[in-house]
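I set out to record the metal sites and the sulfur links of this model. The entries below follow the order in which I looked them up.

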Amino acid sequence: MGRCSRRDFLLRTSILATGCFIQPTPTRATTAGWSSSDPFSLGVASSPTPDGFVLWTRLAPTPLSSDPDAPGGVRPDRYSVRYEIATDPEMRKIVRRGEAIADGQLAYSVHLEVIGLRPARPYWYRFSCRDAESRVGRAMTLPGPNDGIDALRLGFVSCSNYEHGYFSAYRHLTDEGPDVALFLGDYIYEYIAKAPDKVRVHSDGVEATTLPLYRNRYAQYRLDDDLQRLHAEVPMLITWDDHEVQNDYADQWAETFDDPQTFLKRRAAAYQAFYEHMPIRPSRWTRQGPDLRIYDRFRFGRLAEISMLDGRQYRNREACYGPPRGGGHLVSDGSCPERLDPSRTMLGTDQEKWLYEGLAEGQARWNILAQDVLMTELRERNSVGEIQFWSDDWNGYPAARQRLMQQIHDCRVSNPVVFSGDIHSYWVNDLKLDYDRADAPVIATEFVGTSVSAHPPPYDRFARYAADNPHVRYFESRKRGYVTVDVEAERLTTKFRSVSDATIPDATVETLKSFIVQDGRPGANSI
Ligand code: FE
Ligand code: CA
């Protein structure tokens, strides 16, 4: 395989053992109970690892606290939280128990990395603190890298704007019982929607820019029953997009042209709040600077490998960025040659190298790249007939996209499939090395999920782009929802699941469209 050599995939971090830290509970906290308020109001969440998982909770008896010195309404600064892990949902057969620390520096969140469990099976868990007990959550361990598993059911979601709608998509996804849910970004929205678009309101009433405001945003979303139940019942893999920080930001570059040092302080606050609310390995929290590594790879036996990519933290700023246009905008080759600069990167040097190594050495039958923004080339012809490209998605980084496609091609990556979010619409795309030639081979298949609730782009305008983009096989922006994915050796089946109305709390769901990718044949077929 030339440069696509193999290597051992069993590289496990041994930085954290069981995560069972015993810390004296502050004396002030030992005697009293939580009285009427529930410290586990934000629920629980889990994320799988090779032989264990990360479990999450956060103590927040007053989840939407306005006191920055008492996040979640909690004082003083460290609590011991007990945990139990069982092999049954009734929590009768306990296999692990211990204590973890909820630290005020991290908003009393708990990140417990558990290792040494049996592979490829569910476990159940709960937390307790003083007289309060959390709900029971379900976790899972990944199969061993060479385990032959027959089937994997995934669901992927993106773009849940609380003010734009309710989270029925999360409820219906939970009801389908996927093994894992993939979050592809815009889990929160930092801004305040304009009237009359709101069906409910962000609690602080102002754009999130500081740590207390970002914390409240995550807390408010987690108070949503549909989202909280999804996390309790379905393990998650997660990446972010822009709205976890600011619309269309790129690394240190703000849409609003803030000084990069100033903006990085905001980014650091946003990343910390993200960490505090997600089941991310505690070893990832370095407490140094404005960075947080979230890209990661998850192997599901010989059947599938999922690479969760970070398309925001390391990218070049959008091409032809400069007043008055920060963030994404439509650019043409005539007016913006910078877009085509071969040195431009979407993932950054380190992540790109990590991804290419993983693709070169991957041994799974299906190789899924799950990431935030539209990857296919999309030619957007304007009213005077000029072709333009959106600078905030992969169309602003065509050389990086080309490198990725070339790597997939050269390494003969088995069944590459891309899942994307951000654009609030469903798409099925043929990813190619050459979009000018209709007969150029299809390198990979892209599925884009619509938003959970965030408002869509204009259908008529995008539908008109079809003539210039024959590699786009399907487009629909008028529906909100999610995507389920059934992975089997012979095929990968996606269902575009759409909710009846995201502006009501009890929307129903239906399958809008289904597609199959056959093993060994890139490109989707409608069924
Ligand atoms: Fe979005
Ligand atoms: Ca976005």
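Entry 1, iron site. I looked up the protein donors of the iron ion (ligand 1) and found Cys159 (SG), Asp186 (OD), Tyr189 (OH) and His424 (NE2), lying 2.1 to 2.4 Å from it. I counted as donors the N, O and S atoms within 2.8 Å of the metal (3.2 Å for Na, K and Ca); water is not among the atoms, so sites may look incomplete. The model is predicted: local features need pLDDT of at least 70 and side-chain atom pairs pLDDT 80 or more, while totals for chains, interfaces and linings use all residues. Residues are numbered from 1 along each chain as its sequence is written, chains are lettered from A and ligands numbered from 1 in the order in which they are written, and side-chain values use heavy atoms, with hydrogens and water left out.

The angles subtended by the four donor atoms run from 84 to 169°, so I noted the arrangement as irregular. For reference, four donors count as tetrahedral if all angles lie between 85 and 135 degrees; four count as square planar and six as octahedral if opposite donors are over 155 degrees apart and all others between 65 and 115; anything else is irregular. Along the chain the iron donors follow the spacing C-x26-D-x2-Y-x234-H. Cysteine 159, in the loop between strand 9 (151-157) and helix 2 (168-175), and histidine 424, in the loop between strand 18 and strand 19, are 265 residues apart, and the pair links distant parts of the chain. Helices (H or I, at least four residues) and strands (E, at least two) are DSSP runs, numbered from the N terminus.

The calcium ion (ligand 2) has Asp186 (OD), Asp241 (OD), Asp242 (OD) and Asp422 (OD) as protein donors, at 2.2 to 2.6 Å. Aspartate 186 coordinates both metals, and the iron and calcium ions are 3.7 Å apart. I found both aspartate 241 and aspartate 422 buried, that is, under 20% relative accessible area, with exposed over 50% and partly exposed in between (1.4 Å probe, protein chains only).

I found one disulfide, taken as a pair of cysteine sulfur atoms within 2.5 Å. Cysteine 320 is joined to cysteine 336, with S to S 2.0 Å. The link is right-handed, with 105° about the S-S bond. Are its two ends, cysteine 320 and cysteine 336, buried or partly exposed? Cysteine 320 is partly exposed at 28% relative accessibility, whereas cysteine 336 is buried at 1%.
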